[in-house]
Amino acid sequence: MRNFIKCNLVNKFIYLEYGFFRYLLLPLSLIYGLITNFIRLSYLLGWRKAWRSSVPIVVVGNLTSGGTGKTPLVIWLVLSLQDLGFSVGVVSRGYGGKAGSYPLIVGSKTTTYEAGDEAILIYQRTKAIVVVSPVRRSAVEALLIQSSVDVIISDDGLQHYALARDVEIVVIDGERRFGNGWWLPAGPMREREGRLRNVTAKITNGGTVLPGELGMYLQPDLAVNLRSGERAPAVRLKNVVAMAGIGYPQRFFNTLEKQGVTILKKVVFSDHQFYTEKMLYSLASREQSLLMTEKDAVKVRNFAQDNWWYLPVNVVLSPLEAKALLSLIIVLI
């Protein structure tokens, strides 16, 4: 691909699912599968006890490694439930964050270095109470002490069986689906496809929606200037350099191209990449526009330049599917 810069190979080659090398990784995949299956089985058989919250828990997760649109769906759920008059809290692993102690209650002064990018993004978009901790029980307990909520949404955590949940929502990439179907690292799977038989809802992001799945897509909004707050159609930006540090960066580039944006250069960073001023200053000249994802933007606001922009995206479901999904949660509240 012309002018494609791989600043970090992790995103592009996190697993070589169709090459010969995957067979060398197969023993590691089998070990991974045995461990994950044993952990789940230990809870199903009662050998280990999951902790249950006093309010309903909704887990939004995925079966595969890499971006599927999980966090945008969490934001959509929170905003939709808030619009209906419910108080919603969010707990997150805070992947990539390095706080001095946990649980961490996200506030206006919390940094992505402390809480990770996804937790900050959810907080900024929804203003809901967001609590970060590697141990989700601790996050839930801290949240309930801090605020009285009707429901708690866990951003990721499908495989975190120590936390009992009332609703499980799995987000599927409709284009990539499940790749070769193998466990990590020879394939993309955290759990095998058969796990879908036990979840509450399956949401397919783009691509082909199969029977039993609800369809959603990500609709781009106006591009936003990081310094001035100016909003403009992305297609009007001049000499665009596009950068993405997300699980599936090609989706961002595809979105821009579908909007008619001509991309001079594509820059890929690893998911949850921590950025520095020096790392980004040379990517785009003053005559160019550096356009990034909103998830990247939350990490660079403090040193953004006048020509840096981000593109927010919003989840869209049909009215019937939106009602069906929300009803699964509302009935528990």
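The side chains of Arg177 and Glu213 meet in a salt bridge, at 2.9 Å from N to O; the term denotes a side-chain nitrogen of Lys or Arg within 4 Å of a carboxyl oxygen of Asp or Glu. This pair links distant parts of the chain, 36 residues apart: Arg177 belongs to the loop between strand 7 and strand 8, and Glu213 to the loop between strand 8 and strand 9 (214-220). Helices (H or I, at least four residues) and strands (E, at least two) are DSSP runs, numbered from the N terminus. Arg177 and Glu213 are both buried, where buried means under 20% relative accessible area, exposed over 50%, and partly exposed in between (1.4 Å probe, protein chains only).

The model is predicted: local features need pLDDT of at least 70, side-chain atom pairs count only at pLDDT 80 or more, and totals for chains, interfaces and linings use all residues. Residues are numbered from 1 along each chain as its sequence is written, and side-chain values use heavy atoms, with hydrogens and water left out.

## Further salt bridges

By the rule above, the count comes to 18 salt bridges. One of them joins Arg190 to Asp156, with the closest N and O atoms 3.2 Å apart. Arg190 lies in the loop between strand 7 (167-173) and strand 8 (201-205), and Asp156 in the loop between strand 6 (151-155) and strand 7, so the pair ties together parts that are 34 residues apart in sequence. Asp156 is buried, at 17% relative accessible area.

Asp173 and Arg176 also form a salt bridge, their closest N and O atoms being 2.7 Å apart. Asp173 is buried, at 2% relative accessible area, whereas Arg176 is partly exposed, at 26%.

## Helix 2

Helix 2 has 24 residues and reaches 34 Å from its first C-alpha to its last, close to the 34 Å expected at 1.5 Å a residue; the expected span is 1.5 Å times one less than the number of residues. At Pro27 the helix bends by about 40°, the angle between axes fitted to the seven residues ending there and the seven starting there.

Buried residues of helix 2 include Arg22, Leu25, Ser29, Gly33, Thr36 and Arg40. Helix 2 is followed by Gly46, whose phi is positive, near 85°.

## A nonpolar surface patch

Phe38, Leu41, Leu44, Leu45 and Trp47 form a nonpolar patch on the surface, with about 560 Å² of accessible area together. Leu45, in the loop between helix 2 (21-44) and strand 2 (57-61), is partly exposed, at 48% relative accessible area.

Patches are made of residues with over 30% relative accessible area and no salt bridge: like charges are joined within 9 Å, nonpolar side chains (Val, Leu, Ile, Met, Phe, Trp, Tyr) within 5 Å. Accessible areas come from the Shrake-Rupley method with a 1.4 Å probe; for residues, only the protein chains shown count as cover.
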